[in-house]
Amino acid sequence: MAPNSADVVICGAGIAGIATAYHLSVWQGIRSVLLVDERSPLTFTSDKSTECYRNWWPGPGTAMVSLMNRSIDIMETLAGESGNVFHLNRRGYLFATADREHLDDFRTAAAEPATLGAGQLRIHNGQQDVGPYIPPQPAGFAGEPDGADLILDQALIRAQFPYLSPETIAVLHVRRAGWLSAQQLGMFMLERAKEQGVRFLSGKVVAVETVGGCVQVVHVAYPGGEKTIFTNIFVNAAGPFLWRTGTLLGVDIPVFAELHMKVMIKDRLEIVPRGAPLLIWNDTQYLPWNEAERALFAESDADRRLLELFPAGVHTRPEGGPGSTTILILWDYHERRTEPVPNPPLDPLYAEIALRGLATMLPQLRAYFGRMPKPLLDGGYYVKTRENRPLIGPLPVAGSYLIGALSGYGIMASSAAGELLAAHIAGVTLPDYAPAFSLARYQDPAYQALLEDWTDSGQL
Ligand SMILES: Cc1cc2nc3c(=O)[nH]c(=O)nc-3n(C[C@H](O)[C@H](O)[C@H](O)COP(=O)(O)OP(=O)(O)OC[C@H]3O[C@@H](n4cnc5c(N)ncnc54)[C@H](O)[C@@H]3O)c2cc1C
């Protein structure tokens, strides 16, 4: 291979680009792969994530559940191979609700993924015999249950989750779920790919030339120069810059970006148990302010929003090994489409709002009201299609491909997404779910009709 050529050039060394390089080189035997990024690998979106995973996804169809099941299979294999260097656990996602009015909706939503291949739903209501509820192990994943446990038995909820609000009337514990170190997973795949010959080039892809409608040359700019790379295959794995990179080929990729934030605090009182699953409050809520605070906010145009109804979905999990007291808190209370920029602007009130919201689920957190531990804030972009499904497959220009729109699930999906794109490029048999993630799906009138009534994005 000439130094200025490659069989495949991948723009973007986030988790998606790296997973693609790994599957191309290790499993498809395509070793002349050049990963190009203007940043260090895994440093734009892929290091901002909560690093959680689950196979529990809604329809329509089985595609999302199948993709996630496959991704988790691959991650479990890699964990086995590497001595679990990326700390894959299986603590699960625990959705909790206190909303009697919407309990039927909660039950219906809980039941759907079970019909799509995500595993059995066991309902613990003190009447049916579904066997005992099995609490999760804090580390590792072997031997853990799959499917999900819907617990309606109040005594069981109080016994297993005494830290949840006493108002809680139902919890759904999704079991093929947990978290991992995305950085370690990414670096493990990158190292394996490099062993097979994959190279990394630091620079920005600024142009892609085609000849006769086929990819021919990729131009990479770096401080002090520009490199010309000859290739017939170009992969757009540019994360938040997916759309912009599409324009280099004259392709309009139907995606948009939203800024999402997360905050880390030291939970010095260990209110979130260190062995807890990911804890998610499923209800909308008004934030717990005192009367003086309410009166103050009511007077200010800027602060009045703090008195409005906030959406469902505030969540938290413990982070770090023995000795750590850190928790991560996320709450997408103000999803907004926005143009991605290199240093996203962060809401200074985010930490306070997220903590208040979380205290509705975990009332003991009120101990931190007015004495908030020093928050560490960061954020990144969810890149989404309108129905929140990814784009993985060929682009209309011959030799060009994309892997992206991985929204808030790119860490969990990247292993299967990279495998799928590598299969497209290598021209081998594709899995059944491939068409559900191709750009070409939007040309299908039946899919267009489906989009009209698409309501559940499945996103936390
Ligand atoms: C707050 C938050 C929480 C999240 N939580 C979870 C979670 O719990 N579980 C989960 O699975 N996912 C989660 N996600 C989503 C996940 O992080 C993303 O889906 C995933 O990281 C996207 O990976 P990517 O490789 O597509 O993009 P990125 O990681 O952004 O990588 C794209 C790369 O392309 C490079 N690039 C772009 N344009 C060019 C160019 N022209 N030339 C050279 N390089 C270029 C960029 O520098 C960047 O490094 C979360 C995201 C956020 C923001």
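Me: Which order do the strands take in the six-stranded open sheet?
Reply: The order is 9-2-1-13-20-19, and the pairing is mixed. Strands are DSSP runs of E with at least two residues, helices are runs of H or I with at least four, and both are numbered from the N terminus. Two strands pair if DSSP finds at least two bridges between them.

Me: Before we go on, what kind of model is this?
Reply: This is a predicted model, where local features need pLDDT of at least 70, side-chain atom pairs count only at pLDDT 80 or more, and totals for chains, interfaces and linings use all residues. Residues are numbered from 1 along each chain as its sequence is written.

Me: Which strands does helix 1 touch?
Reply: Helix 1 (residues 15–27) packs on the sheet and touches strand 1, strand 2 (33–37), strand 13 and strand 20 (400–404). A contact here means C-beta atoms, placed from the backbone, within 7 Å. The direction of helix 1 makes about 170° with that of strand 2. Axes are lines fitted to C-alpha atoms, for helices over the stretch in contact, and angles run from 0 to 180 degrees between N-to-C directions.

Me: At what angle does helix 1 cross helix 5?
Reply: Roughly 35°, and the axes of helix 1 and helix 5 (residues 182–195) come within 8 Å. Residues making the contact include I18 and Y22 of helix 1, and G186 and L190 of helix 5.

Me: New topic. How many residues are in the largest nonpolar core?
Reply: The largest nonpolar core has 139 residues, and V8, V9, I10 and A417 are among those with the most contacts inside it. Such a core is a set of buried Ala, Val, Leu, Ile, Met, Phe, Trp, Tyr and Cys residues joined through C-beta atoms within 7 Å. Buried means 20 or more other C-beta atoms within 10 Å of a residue's own, exposed means 12 or fewer, and partly exposed is in between; the C-beta atoms are placed from the backbone.

Me: What does V9 touch?
Reply: Leaving out residues up to four places away in sequence, V9 touches L34, V36, V218, I229, T231 and F234.

Me: Is E419 buried or exposed?
Reply: E419 is buried, with 23 other C-beta atoms within 10 Å. E419 is in helix 9 (residues 410–426). E419 and Y22 are 397 residues apart in sequence but 8.4 Å apart in space, C-alpha to C-alpha.

Me: Which domains is the chain divided into?
Reply: Domain 1 (8–51 + 182–254 + 385–452) and domain 2 (93–176 + 257–383). The bounds come from an automatic or database domain assignment. The C-alpha centres of domain 1 and domain 2 lie 32 Å apart. The contact takes 12 residues from domain 1 and 13 residues from domain 2.

Me: What about the nine-stranded sheet, which order there?
Reply: That open sheet runs 5-6-7-4-15-16-17-14-18, with mixed pairing. Strand 5 (121–124) and strand 18 (376–384) are the edge strands.

Notes. Two residues are in contact if their C-beta atoms, placed from the backbone, lie within 7 Å.
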